[in-house]
Amino acid sequence: MMTKQLLLFALLPIALGAQILDPVVLTKPATDAWPTYNGDYSGRRFSTLNQIDQSNVMHLTLGWVFRVRAGAVPGAIVGGEGPAPVEGGPPNPDLSTIKATPLMVNGILYFATPDNAWAVDARSGHELWHYFWKTKGGIHIGNRGVGMYGNWLFFETPDDYLVSLDARTGKERWHVEIADVKQEYFSTPAPIVVGNHVLVGTGGDSLDVPGFLESHDPETGAIQWKWWSEPLKKGDPGSETWPDEYSMRHGGGMTWIPGTYDPELHLYYLGTGNPNPVLTGRGREGADLYTCSIVALNVDTGKLAWYFQPSPHDTHDWDAAQTTVLIDGLFEGKPRKMLAQANRNGYFFLLDRTNGKNLLTAPMVDTINWSKGIDANGQPIPNPDKEATISGVLVSPPSDGVTNWPPPSFDPDTGLFYVGVKESFSEYYLTDTDPHPEGYAAAEKYITSYGGSLLAIDYQTGKTRWKHSYIFGGGPIGILTTAGKLLFAGDGLGHLLAFDPSNGSILWHAGLSDDVSNGPETYMLDGHQYLVVGAGDSLYAFLLE
Amino acid sequence: MDMRILLQRTLRAIAGFSICVALAAQPAPPKYDPVSVARGQQAFVASCGFCHGSRAKGGEKGPDLLRSVVVLDDENGKGIGRVILKGRPDKGMPKFAMTEDQIVDIANFLHQSIYSAADRDSYQTLNIVTGDASAGKAYFNGAGNCGSCHSVTGDLKGIGAKYEPVTLQDRLLMPLDFGPSASTKAVVTVTVTTPSGEAVSGPLLWIDDFTVALRNSQGTYVSFARKSDVIPQVEVHNPFKPHSDMILHFSDAEIHNLTAYLVTLK
């Protein structure tokens with residue numbers, strides 16, 4: 001299989017001719033492109049570019065701003081299965097908030113928001129085309145961007161379609177339904193393209209439906225394989241962690257954050273979401289595999305190679321979907337192939353990514369109060385007293401977690417893993433006392449936060465090397481590190497900042513018209529290193545004067 | 001000690017920003033005609049409840065209809081009506097003679113039930129007052145040291161009549177949502193001391209790594225650039241620090257007992 005994959009990569013550039021994205025670009029660290037959600041398959045969001053460095057970062061200046069105009073605006077290419085949008089009424093800010101990390105290929109940026117996709121000139125910020133999808137519904141909370149294969153783009157919609165566009169024109173090639181919006185599925189991930197696989201996940205917490213990851217053919221949209229987050233029937237591996245088939249077929253485990261990939265091991269790594277019902281464990285007694293898990297899947301077959309479950313029998317909505325960051329480096333003095341995740345449940349996990357064995361589990365913040373410790377396998381032990389009750393239980397973190405989807409970063413030069421966190425509490429009140437509860441089954445009342453922080457975690461020890469705290473800002477925020485010895489991140493208070501990644505000193509900042517809302521990215525174009533970041537409804541491009 | 005660290009430690013004692021307004025959340029209005037839903041519920045319980053359960057969540061014979069794809073895909077009773085009128089003989093479900101209006105009512109009942117299960121903002125808490133009021137009173141006057149700031153005959157007089165128990169419980173933990181919001185600005189104050197020694201105090205309006213802003217004693221908005229960790233010096237005063245300190249140490253039983261006591265203060 002390995003040989004076949006290498007052969008495929010070797011032949012594709014010839015077979016595809018003058019296509020926009022040469023698939024080989026996807027297999028090496030990006031410099032003159034940002035060809036996939038995390039820049040490359042590792043999820044590190046570390047760029048080897050160093051034209052912008054500590055000595056000149058204070059000379060960064062604004063190159064251009066691109067403000068999106070979402071919806072069926074004049075000039076938009078319109079597709080979709082839904083009715084024509086209603087004219088007038090207040091605009092929905094969720095349709096204009098840029099959570100995607102744009103792809104940059106051959107001087108063009110490609111990105112999406114819910115129901116919308118754009119191509120923008122990376123030199124000038126001028127729009128080339130805008131595609132608008134008429135929706136049938138679904139939760140329009142966000143979209144993490146597009147995937148690319150040759151000349152073809154792929155993005156997902158809130159009403160659960162995978163849409164393929166011609167990158168040159170923005171014209172639709174085809175769309176296929178990946179889930180049923182009436183079952184409360186809604187889709188936000190950026191598809192990840194590996195070889196000739198378009199990997200597509202989905203989301204949805206409200207009606208107890210099972211999660212899955214699908215691989216689609218980039219030419220036709222046909223399904224190549226489908227991996228379910230739960231076992232399908234009694235007797236299948238993992239079914240012993242559920243009381244019955246009915247509970248596992250309604251068990252959740254959404255796949256809503258793009259995964260990472262190791263071309264040598266041929267494994268795709270993915271974090272899965274919480275089990276359902278969300279905020280109570282009644283009716284689904286057991287560990288509830290493979291929800292709240294980090295899984296390794298064979299990218300050609302979708303077969304599970306190994307799993308590790310950061311939150312066994314979760315009852316607090318703490319998806320383990322956060323980016324699985326691949327680290328190659330030393331651990332206890334020996335070179336290892338590792339995988340790190342800063343988890344919504346408040347713990348930092350380090351695994352051996354060849355087999356899923358836990359190397360290290362460490363709390364990231366002091367406030368977390370839901371676990372009775374760490375077991376021999378490195379899994380936190382849930383304290384059953386902190387599961388929602390009728391009278392309420394005080395739990396840190398709230399359901400949105402210590403961290404969340406915004407992408408973290410690993411800098412191989414410092415050996416530090418950077419993540420935005422917050423320390424907060426909620427009361428969880430059980431509202432559904434039925435033996436078979438449904439949906440969330442409990443109400444959450446947010447109590448307070450002790451503030452947000454940017455953490456620099458030593459991956460080898462799990463200890464925080466430095467911490468930059470905010471009073472009103474911070475929290476989960478997208479991060480980029482570079483070989484220019486710089487870390488770029490927002491502060492949640494309308495600024496983009498450059499930090500010294502070794503000690504957290506602030507070296508530069510710029511005020512934007514909104515909070516940074518995506519992961520910053522960088523690329524070389526015409527001899528200039530660009531820094532591009534999304535904040536609310538606008539993309540900002542910075543470069544040296 | 002680095003002033004930034006000192007400031008951060010001071011500020012960490014402040015309960016920080018809030019990202020949601022759960023305390024103020026109101027139940028969403030019903031999505032389907034309540035009169036039709038009530039009629040549908042009555043018809044459902046009479047004709048369907050024996051097999052599907054009175055809440056449509058499944059019984060000994062019939063499946064859970066709130067998770068049924070037929071129901072989820074239904075539009076105005078069309079899909080549900082086909083099953084009601086024809087039955088499912090292969091699965092032991094008889095057919096039922098119902099009018100179109102009756103079917104629409106049943107469909108509305110089922111769709112509203114699904115909507116209510118899926119819409120967490122509409123969830124209603126149950127009777128949360130399960131604590132021991134006398135233990136709560138003892139805690140209030142003893143270990144909790146609540147009397148150092150509060151009085152049951154003063155600021156807390158009648159508080160049990162003023163708030164629903166769940167609101168009372170949430171507010172005893174933290175009286176307000178913190179953040180750069182109007183309620184925070186009203187209570188958190190800051191003193192900014194410039195290098196020349198001039199000190200200005202007032203409600204804190206904004207603070208980040210680069211700017212601090214307040215309203216001075218004349219009621220004027222004043223902002224200062226923060227040139228370094230110590231220039232100018234910034235000292236934030238939070239009147240709710242005892243609450244943020246307590247949250248780190250409260251047991252759930254202590255919280256429930258305090259709530260049980262406070263609800264008696266009618």
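How many residues of chain B are in contact with chain A, and how many of chain A with chain B? In this predicted model, 45 residues of chain B are in contact with 39 residues of chain A.

**Contact between the chains**

- Several elements of chain B give two or more residues to the side that touches chain A, namely helix H1 (3–12), helix H4 (69–73), helix H6 (100–118), helix H9 (165–173), helix H11 (241–247) and helix H12 (252–262).
- Of these, H9(B) provides the largest share, with 4 residues.
- Sorted by class, the side of chain B that touches chain A comprises 25 nonpolar, 11 polar and 9 charged residues.

**Layout of chain B**

- Chain B contains 12 helices and 5 strands.
- Of its 266 residues, 31% count as buried.
- When contacts in chain B between residues at least 6 apart in sequence are considered, 63% join residues at least 24 apart.
- Chain B is divided into domain 1, covering 34–122, and domain 2, covering 182–237.
- The C-alpha centres of domain 1 and domain 2 of chain B are 60 Å apart.

**An open sheet in chain A**

- In chain A, 4 strands form an open sheet with antiparallel pairing, in the order E2-E37-E36-E35.
- Strand E2 (60–67) and strand E35 (521–525) of chain A each have a single partner strand, so one side of each is left without a neighbour in the sheet.
- From one strand to the next, the twist averages 25°.
- Strand E37 of chain A, residues 538–544, runs antiparallel to E2(A), and 7 bridges join the two.
- Within this part of the sheet, Leu60(A) stands opposite Leu544(A) in E37(A).

**Strand E22 of chain A and its partners**

- Strand E22 of chain A, residues 347–352, has 5 of its 6 residues buried, so it is largely enclosed by the rest of the structure.
- Strand E21 of chain A, residues 334–342, is joined to E22(A) by 5 bridges, and the two run antiparallel.
- Ala342(A) has Phe348(A) in E22(A) as its bridge partner.
- The hairpin of E21(A) and E22(A) has 4 residues between the strands, and Gly346(A) takes a positive phi near 105° there.
- Strand E23 of chain A, residues 358–363, also runs antiparallel to E22(A) and is joined to it by 5 bridges.
- Phe349(A) stands opposite Thr361(A) in E23(A).
- In the hairpin of E22(A) and E23(A), there are 5 residues between the strands, and Gly356(A) takes a positive phi near 80°.

**Nonpolar cores**

- The largest nonpolar core has 154 residues, of which Val146(A), Met148(A), Ala340(A) and Phe417(A) touch the most other members.
- The element that gives the most to this core is H6(B), with 8 residues.
- Apart from its neighbours within four places in sequence, Ala340(A) is in contact with Val325(A), Ile327(A), Phe349(A), Leu350(A), Phe410(A), Phe417(A) and Tyr459(A).
- A second, separate core has 34 residues, including Tyr429(A), Ala442(A), Ala443(A) and Leu172(B).

Note on methods:
Residues numbered from 1 in each chain as written. Chains lettered and ligands numbered in written order. Predicted model: local features only at pLDDT ≥ 70, side-chain atom pairs only at ≥ 80, totals over all residues. Buried ≥ 20, exposed ≤ 12 C-beta atoms within 10 Å, placed from the backbone. Contact = placed C-beta atoms within 7 Å. Pairing = 2+ DSSP bridges. Axes fitted to C-alpha atoms, helices over the stretch in contact; angles between N-to-C directions. Nonpolar A, V, L, I, M, F, W, Y, C, P; charged D, E, K, R; others polar. Domains from an automatic or database assignment. Core = buried A, V, L, I, M, F, W, Y, C linked by C-beta atoms within 7 Å.
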